[in-house]
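I am opening a notebook on this structure and will write down each thing as I look it up.

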Amino acid sequence: MTIKAHAKINTFLKITGHKNGYHTLLSRFVKVPHLYDTISFEPAKCEHFTIEGCGDVAVEENTIYKVYQAIRNHMDECILTDFFKYHKVVIQKNIPSGAGLGGGSSDAAAFMRLFNEVCKLGIDTPTLAQIGSKVGADIPFFVYDYDAANVSGFGEVVEPFEDEAFEIELYTPTIHCDTALVYKTFKKELLDKIEPSIFKGWEKLSSKEVLAQVDAVEANDLYKASLIAYPELKEVAQEGWYFSGSGSSFFRI
């Protein structure tokens, strides 16, 4: 009862607007084959829902626990509680946190997929993605488990994309970027500067084609915001590397 939870990069990420308190976006999400956490269900007698491997993160604050509760609200069945009286969730972390690689969302989505399979819940993938979207905007991409996809709306619109093959190299500095702060900074400093015509049609191009046309700042709107919120990123940025999500990881392909 083990599943891999892969990291992702955003080869491009453009903010398209702001609605109902949340940003909308257009982004290319790509799975990172060589970097993943593992999620396991291991036999154990547990008084409460138990997660091991996440350091000092409180269970109630963990995205896995939040999607577990979301599934319980959807199913309303005793089997969900009974299973975790006799099993604990064990995570082997390899994806750094605060790095723009989607580690927490990927863990949550992998948990949902494994739980759905092991306990034969019978929840179809679109419904599972919808449940996950209530917890985190990146979770639907990981639920679908595509190698690459165009993601839009608030993150709930996930369309598979046959991207040109490439290898991914990652570089993560010792800077933790808070996603909420980066988005807040974008809204305050950059939201009124959005120009949709600049990235029109990007969703039809391969990641290589897009990145051949733009630099790191042009490729990812959240990089601009992250540089404002975390000016020390300027000191670790390297020529030819691009920025994933809200950071702080850089990548090149």
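Entry: I need a cut-off first: a residue counts as exposed when its relative accessible area is over 50%, as buried when it is under 20%, and as partly exposed in between. I also note that this is a predicted model. I looked up Ser 197, and its relative accessibility is 59%, so Ser 197 counts as exposed. Ser 197 belongs to the loop between α6 (179–189) and α7 (207–211).

**Entry: aromatic rings.** How many aromatic pairs does a search of the whole structure find? The search gives 27. I picked out Tyr 68 and Phe 115, whose ring centres are 6.2 Å apart and whose planes stand at 45°, so I logged the pair as tilted. Tyr 68 is in helix α1 (residues 63–75) and Phe 115 is in helix α3 (residues 103–118), so this pair ties together parts 47 residues apart in sequence. I checked burial as well, and both Tyr 68 and Phe 115 are buried.

Next I looked at Phe 141 and Phe 142. Their ring centres are 5.2 Å apart and their planes are at 70°, so this pair is edge-to-face. Phe 141 has a relative accessible area of 2% and is buried. Phe 142 comes to 6% and also counts as buried.

I also found Tyr 68 and Phe 115 in one aromatic cluster, together with Phe 41, Phe 49, Tyr 65, Phe 83, Phe 84 and Phe 111.

**Entry: charges over rings.** I looked up two cases. The charged end of Arg 28 lies over the ring of Phe 161, at 3.7 Å from the ring centre. The charged end of Lys 8 lies over the ring of Phe 29, at 5.3 Å from the ring centre.

**Entry: cysteines.** A disulfide is a covalent bond between the sulfur atoms of two cysteines. I searched for such bonds and the count is zero disulfides.

**Entry: backbone angles.** I noted a cis peptide bond from Gly 247 to Ser 248, with omega near 20°. Ser 248 is in the loop between β8 (242–243) and β9 (250–252).

For Lys 120, phi is near 50°. Lys 120 is in the loop between α3 and α4 (125–133), and at 72% relative accessibility it counts as exposed. For Asp 145, phi is near 60°. Asp 145 is in the loop between α5 (139–144) and β5 (148–153). Its relative accessible area is 32%, so Asp 145 is partly exposed.

**Entry: the cavity.** I counted one cavity of 30 Å³ or more. The largest cavity holds about 70 Å³ of space. Which residues lie nearest its centre? They are His 6, Ser 106, Arg 113, Phe 142 and Asp 145, out of 13 lining residues. The elements that contribute two or more residues to this lining are β1 (2–19), α3 and α5. By class, I recorded seven nonpolar, two polar and four charged residues in the lining of the largest cavity.

**Entry: a pocket.** I looked up the second largest pocket, which has a volume of about 260 Å³. It is lined by 16 residues, and Val 30, Asp 147, Ala 148, Asp 163 and Glu 164 lie nearest its centre. Which strand gives the largest share of this lining? Strand β2 (residues 22–43) does, with four residues. The lining of the second largest pocket is made up of nine nonpolar, one polar and six charged residues.

Note on methods. Residues numbered from 1 in each chain as written. Predicted model: local features only at pLDDT ≥ 70, side-chain atom pairs only at ≥ 80, totals over all residues. Heavy atoms only, no water. 1 Å grid on protein atoms, 1.4 Å probe; cavity = no way out; pocket = protein on both sides within 12 Å on 5 of 7 lines; lining within 4 Å. Points joined across faces, edges and corners; volume = space filled by probe spheres on them. Nonpolar A, V, L, I, M, F, W, Y, C, P; charged D, E, K, R; others polar. Phe/Tyr/Trp six-rings, centres within 6.5 Å; stacked < 30°, edge-to-face > 60°. Buried < 20%, exposed > 50% of the residue type's maximum accessible area, 1.4 Å probe, protein only. Lys NZ or Arg CZ within 6 Å of the ring centre and 35° of its normal. Disulfide = S-S within 2.5 Å.
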